[in-house]
Structure formats: C-alpha cells, structure tokens
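Please look over the sequence and the model before reading on.

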Amino acid sequence: MKNSIWVAITFALMWFLRTESAHGQALEDMEQAEIAKALPQSKFYRENASADAESDDASIAIGIESDNGGLKQGSEVIELTQNLGEERARATTEGDTPDETVEEWDPWEPFNEKTFWLNRQIDRFLLKPVAKGYNAALPDLVRGGIANMFDNLDVTRRLVNNILQLRFDGAGRELARFVINSTVGVAGLFDVAGHLDITKSDRDTGQTLGIYGIAHGPYLVLPFLPPLTVRDFFGFVADEAMYPLSYFIPIGANIGMTAVETISDRAATIDRYQGVEDTVVDLYGSVRDAYFQRRAADLKK
C-alpha cells in the first residue's frame with residue numbers, strides 16, 4: 001500500500017494521548033470570542049489588518065504560493081488559494097459565518113513549522129526542478145492524459161465517500177464518469193465525461209468523518225504530505241487504502257506510479273505565483289489559515 005504504516009501508528013498514538021480538556025477549552029474560547037477576534041491571528045493577517053477586504057483577499061491569494069509544499073503540497077496549496085476568495089464571498093452573500101471564524105488548533109506548531117520548512121526545501125530543490133523537466137520533456141496533450149488517467153483511478157475514494165455522505169447523485173456521476181472515461185476515454189486518458197458535462201464529485205474520508213461529527217483535532221504537518229489535521233490524517237490513510245492498483249501491482253511499480261503522479265500534480269502548478277513566497281511575512285500561518293477555511297467550506301457543500 002502507498003501509505004506508511006509506521007506513520008499511521010505513531011500519529012494514532014498522538015491522537016489518543018491528546019487531552020480532551022485542552023480541546024474543550026479551545027472550543028469554549030472560540031464560542032465566546034467575537035467574530036473580529038476569531039480572524040486568523042498570523043503575523044500576515046495582523047500586519048495587513050488595515051487593508052480593505054479586496055486587497056486582503058488578493059494578498060492572501062498571492063501569499064499562499066505553490067512553491068511551499070512537500071511532494072503533493074504544492075498543488076494542495078494552490079487549491080486553497082483558489083477556493084479562499086470564493087468561499088468568503090459565498091459566506092457573505094448567504095449570510096453564513098465567514099470561514100475565518102473556524103477554530104484553528106495548532107498545539108504542535110514548533111514541530112509543524114520545522115516540517116513545513118523541510119517540505120519547502122524538498123519542493124524547491126527536488127520536486128520543482130523535476131517537475132520543470134517533466135513539463136519540458138512532455139507535450140501538453142501527454143501530460144493532460146497522464147493527469148486524467150490518475151484522476152480516473154481515484155474513483156473509488158470519491159464513490160465510497162459520496163455514498164457514505166448520502167450523496168447518491170454524486171455517486172452516480174462518479175460511476176458514469178468512470179465507465180465513460182475508462183472505455184470511450186481509453187483507460188481514462190481522455191476526460192470524455194467532462195466534455196459531456198458529467199462533473200466530478202470530489203469527496204474524501206476526512207470530510208466524511210467531519211460530516212459524522214468528528215472534530216478536526218490539531219493541525220498537523222508531516223514530511224512529504226499536504227497540510228492535514230489529525231482527523232484528515234486518518235482520512236488520508238483511508239483514502240490511500242482505497243487506491244485500487246495498490247493491491248494488484250508490485251510495490252516497486254506502485255512507488256513508481258506514486259512518484260509520477262506526484263510529479264504530474266506539481267508540474268500542473270509550476271508557473272503559478274512564482275517568486276512571491278519570500279515576500280510573505282508568515283507563509284506557514286497563511287497556509288494553515290487557508291487550510292482550515294477550505295476544510296470548513298468542504299463540510300458545507
């Protein structure tokens with residue numbers, strides 16, 4: 001399997017050893033705080049507090065640069081920036097509580113910051129150069145086909161979680177997409193279903209756990225992984241266990257496919273927000289804030 005068993009065991013222990021009293025106090029403090037005080041408290045937000053809402057949104061979108069991640073963290077951060085402004089606007093329009101008010105629990109911040117720095121270095125000196133070579137070596141059509149194939153193979157995760165969340169329309173779309181793209185789309189190389197307006201319904205196990213009432217737990221940054229919370233870590237392990245080829249191909253081939261998928265994901269975001277990460281006052285805090293907001297928005301979909 002692609003996921004690492006020892007990592008799962010280690011952080012399972014961390015999850016059960018955490019004190020419920022600390023979590024309860026954090027929740028109580030959040031309920032009593034005013035909305036203005038509940039905004040993300042990173043240096044980045046404090047130093048830009050006097051800016052108007054529009055310029056603040058632009059700063060965040062620029063600040064959360066795709067060059068900060070471990071293996072898949074680059075593409076994950078890009079998703080955070082793209083969804084941040086949209087979810088804020090939606091919350092304001094619909095009268096919902098803005099996503100900034102979500103509780104952010106980061107008791108392991110010293111460890112997380114060090115790991116965040118490590119992931120950035122891995123991305124900067126290893127993954128990013130390889131992704132640039134990947135883009136230079138392969139034409140757009142080939143790269144797009146590879147990305148479509150990996151997306152098609154990830155159908156099990158989306159299908160199972162749509163069913164668990166009682167999203168039967170989404171489950172139906174996922175089945176239809178898989179059948180069409182696996183046949184007419186030549187093993188998923190072409191997204192024929194997308195051209196037929198059969199849209200993807202992207203659901204994951206961390207989201208499912210949240211819908212069933214499980215709290216997100218502490219923020220967690222691990223080597224080679226995207227931003228997570230403890231709940232989303234267990235969801236990530238479950239999602240990886242649902243990857244079908246893990247059970248049918250040798251471990252060496254599995255590792256190779258994982259590497260290609262990682263490079264493909266990073267190559268797709270290589271040109272976005274170039275050269276701005278060093279200008280952000282608190283990149284770690286900005287990524288963390290955006291992650292919590294994105295995941296809170298996921299539970300409202």
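Which residues make a nonpolar surface patch of about 370 Å²? The patch is made by L141, V186, L189 and F190. Patches consist of residues with over 30% relative accessible area and no salt bridge, like charges being joined within 9 Å and nonpolar side chains (Val, Leu, Ile, Met, Phe, Trp, Tyr) within 5 Å. Accessible areas come from the Shrake-Rupley method with a 1.4 Å probe, and for residues only the protein chains shown count as cover.

The structure is a predicted model, in which local features need pLDDT of at least 70 and side-chain atom pairs count only at pLDDT 80 or more, while totals for chains, interfaces and linings use all residues. Residues are numbered from 1 along each chain as its sequence is written, and side-chain values use heavy atoms, with hydrogens and water left out.

Helices are DSSP runs (H or I, at least four residues), numbered from the N terminus.

L166 belongs to the loop between helix 8 (155-164) and helix 9 and is exposed, with a relative accessible area of 59%.

**The cavity**

A search of the whole structure finds one cavity of 30 Å³ or more. A cavity is a set of points, on a 1 Å grid over the protein atoms alone, where a 1.4 Å probe fits but cannot get out, and its lining residues have an atom within 4 Å of a point. Grid points are joined across faces, edges and corners, and a volume is the space filled by probe spheres set on the points. The largest cavity holds about 40 Å³ of space.

Its lining is formed by N148, D151, N152, R177, N181, G188 and D191. Helix 7 (140-153) and helix 9 (168-183) are the elements that give two or more residues to this lining, and helix 7 supplies the largest share, three residues. By type, the lining of the largest cavity has no nonpolar, four polar and three charged residues. Here Asp, Glu, Lys and Arg count as charged, Ala, Val, Leu, Ile, Met, Phe, Trp, Tyr, Cys and Pro as nonpolar, and the others, Gly among them, as polar.

**Salt bridges**

Side chains of opposite charge can pair when their charged atoms come close. With a salt bridge taken as a side-chain nitrogen of Lys or Arg within 4 Å of a carboxyl oxygen of Asp or Glu, the count comes to 18. Three of these pairs are listed below.

| Salt bridge | Closest N to O distance |
|---|---|
| D106 and R288 | 3.0 Å |
| R288 and D289 | 3.6 Å |

D298 and R295 are three residues apart in helix 14 and so are separated by about one helical turn. D298 and R295 are both buried. Elsewhere, salt bridges that share partners join D151, R158, E174, R177, D191 and K200 into one network.

**Contacts across the sequence**

R173, found in helix 9, is partly exposed, with a relative accessible area of 25%. R173 and T199 are 26 residues apart in sequence, and their C-alpha atoms are 6.9 Å apart in space. N161 is in helix 8 and counts as buried, at 0% relative accessibility. Between the C-alpha atoms of N161 and Q207, which are 46 residues apart along the chain, the separation is 8.4 Å.

Methods: 1 Å grid on protein atoms, 1.4 Å probe; cavity = no way out; pocket = protein on both sides within 12 Å on 5 of 7 lines; lining within 4 Å. Buried < 20%, exposed > 50% of the residue type's maximum accessible area, 1.4 Å probe, protein only.
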